[in-house]
Amino acid sequence: MYYLGIDIGGTNTKIGLISEDYKIITLCKFPTGNNVLNSLIEEIQSLFNQHYITGIGVGVAGLVNSEGTVIESPNIPSLNKVPIASIFREKFNVPIKVENDAKVSTIGEAHFGEGLGIRRFILLTLGTGIGGGLYEGQRLIKFPMEVGHMSIEYQGKLCSCGNSGCLEMYASAKAIKETLIEKIEDGEHSQAKQLYEGNFYKISSEDVYKLALDGDNLSRQVLKNAGKALGAGIANLINIFAPDKIILTGGLSRAKNIYIETAINEAKKRALKGLSETVEIVQSQRIDSAGVLGAVFLLRNQ
Ligand SMILES: [Zn+2]
């Protein structure tokens, strides 16, 4: 008897086949793409053909209501207003739970990762967008926690949510990539111009990180600024919630040098001393698995 844990992010989607005692039997990862719902249905069907699956837990990047419908997903527009839970229930006829992706990762970290035994922690998913979850007193606090859309620049860049100056316009993978491209367009020098046969529009945030580690000054500067913006956002969270721990996860959290280091220093510098001295800021050790495990945990304990 197995469960499926699904984590739909702005860039990648993961499907985990999970045993009753929360062992990950298989984990597959594919680019989210414009047609993610149909790709998912195909993948799930093929897993249903091979295994006895008794429920599906889903995390999705965006606002999700209690019926499991995506209300708004700025980074996966094809899922806007899609009733994922009822579509899957009709197709597969098993219990389904759909929640926000950062929330399922928060549950995953609380029970299987860096959140174990922590009284109050905040999780931040750093990827195409930036999401958040708050856990306290052994439960997930049901705030929206759309931390990526906190305003950190009151006359800043226009965000896909309609607001301007949102944190994710400065500190996300999308922002890092777009900022480097803009600077190259403005004539600044970067080794990125030599990638993809000169088509620097194809670069990813991973490329920017690799270039920065290889000594590309413009990439370093872009990552450092993104880290500072993230640090400002984290400082706001520390001042408001006074967490014991902040867990950083998502693909971009792998960029430890420059980006994460800058963010931690900046957050500690900006937050109130009495609060920043006691908070521990760490990288997740379960970047690919906390979401799928948390989605199944939430399904089984709803
Ligand atoms: Zn926004």
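Predicted model: local features only at pLDDT ≥ 70, side-chain atom pairs only at ≥ 80, totals over all residues.
Let me start with Y201, which counts as exposed because 11 other C-beta atoms lie within 10 Å; a residue is called exposed at 12 or fewer such neighbours, buried at 20 or more, and partly exposed in between, with the C-beta atoms placed from the backbone. Y201 sits in the loop between helix 5 (173-185) and helix 6 (205-213), where helices are DSSP runs of H or I with at least four residues and strands are runs of E with at least two, numbered from the N terminus. Its C-alpha atom is separated by 9.6 Å from that of E182, which is 19 residues apart from Y201 along the chain.

Residues are numbered from 1 along each chain as its sequence is written.

Now compare T11: is this residue buried or exposed? T11 is buried, because 20 other C-beta atoms lie within 10 Å, and it is found in the loop between strand 1 (2-8) and strand 2 (12-19). Leaving out residues up to four places away in sequence, T11 touches P31, T32, G127, T128 and G251, a contact being two C-beta atoms, placed from the backbone, within 7 Å.

Five strands form an open, mixed sheet in the order 3-2-1-4-7, and two strands pair if DSSP finds at least two bridges between them. Strand 3 (24-31) and strand 7 (96-100) are at the edges with a single partner strand each, so one side of each has no neighbour in the sheet. Strand 2 and strand 3 pair in the antiparallel sense over seven bridges, and I18 stands opposite I24 in strand 3.

Helix 2 (residues 84-92) lies across strand 4 (53-60) and strand 7, at about 155 degrees to strand 7; such angles run from 0 to 180 degrees between N-to-C directions, using axes fitted to C-alpha atoms, for helices over the stretch in contact. Helix 3 lies across strand 1, strand 4 and strand 7, running at about 115 degrees to strand 4.

Finally, the domains: the chain is assigned domain 1 (2-106 + 288-300) and domain 2 (117-284), with bounds from an automatic or database domain assignment. The contact takes 14 residues from domain 1 and 17 residues from domain 2, and the largest share of the domain 1 side, five residues, comes from helix 3 (residues 101-112).
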